[in-house]
Amino acid sequence: MSSQPLYRRVADVLRNEIGAGVFPPGGRLPSERDLCDRFDASRNTVRAGLNVLVAEGLISASQGLGYEVRSHEVFNLNASRFENLTFPQNGDAYSTDVALAGRRPHQEFRVEMQPASALVAEQLRVEEGATTVLRFCHRYVDGVPWSTQATNYPMWLVEMAPRLAEPGDIAEGTTRYLAGLGAEQVGYFDDIATRMPTPDEARLLQIGPGVPVLVWVRTGYSEDKPIRCTITTFRGDLNHMNYEIGNLAAREGKS
């Protein structure tokens, strides 16, 4: 006889059935009463098992509606091509990538002066608390919150590129705009980490319990200095990131 607690067995069985498609994305699980009968368990035991799956981000609970399998229509982002000036774009990089994937982009902007945090100051090589211009984007794919992007620019750059401080979108994207003014981004450094969301991030991205965020910090450089620090926060359940490095002829079957 298994020593595993019964609520864990409830969670394991339902998790396997979700993975096998018995309960598809958007579908509802049986009622708590039906699960009690199936597993010969108390309602508290069944509820504990369901809460394990809620915490894992596999299902969501709605008052009066029971439990629903979360939909995970993942977006694939190629981080090597993102913002690449040699890659054909229709608008900025985000709109281009989302549209090319057959999905619908939408984003909301705000622009403000902001003191540099310790992280931003380190990346931009300015004093902590120094004034920077923040361009903040709240981005959606098919109407679903996808990411937030916070890009800070040093004031010396804003003086030569005043549109950075103006509200609203820069249609061609800031990377192309800056390149046209002689501040071309010739390289970038990426730092990627996962963690649980802050309450504000969970609200903006509509993240349920148990879903982490992927935090992507990209610092862009001109020939001699950093020109921006971009912190993008993705929903961990809806995003997949990849890179292309080196000669990939063999991968494309061209070797």
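**Figure 1. Helix 1 and helix 3 cross in a right-handed manner in this predicted model.** A crossing is right-handed if the near helix is turned clockwise from the far one by less than a right angle, and left-handed if anticlockwise. Helix 1 (residues 6-19) packs on helix 3 (residues 43-55) at an angle of about 50 degrees, and their axes lie 8 Å apart.

**Figure 2. Helix 4 (residues 93-100) is mostly covered, with six of its eight residues buried.** Buried denotes under 20% relative accessible area, with a 1.4 Å probe and protein chains only. The buried residues are Ala93, Tyr94, Ser95, Thr96, Asp97 and Val98. They pack against strand 3 (75-78), strand 4 (105-115), strand 5 (131-141) and strand 6 (144-154). Just after helix 4, Gly102 adopts a positive phi of about 75 degrees.

**Figure 3. The disulfide count is zero.** A disulfide requires a pair of cysteine sulfur atoms within 2.5 Å. For Cys229, the nearest cysteine sulfur is that of Cys137, 14 Å away. Cys229 is buried at 0% relative accessibility. Cys36 is also buried, with a relative accessible area of 11%.

Residues are numbered from 1 along each chain as its sequence is written, and side-chain values use heavy atoms, without hydrogens or water. Local features need pLDDT of at least 70 and side-chain atom pairs count only at pLDDT 80 or more, whereas totals for chains, interfaces and linings use all residues.

Note on methods. Axes fitted to C-alpha atoms, helices over the stretch in contact; angles between N-to-C directions. Helix = DSSP H or I, 4+ residues; strand = E, 2+ residues; numbered from the N terminus. Buried < 20%, exposed > 50% of the residue type's maximum accessible area, 1.4 Å probe, protein only. Contact = heavy atoms within 4.5 Å.
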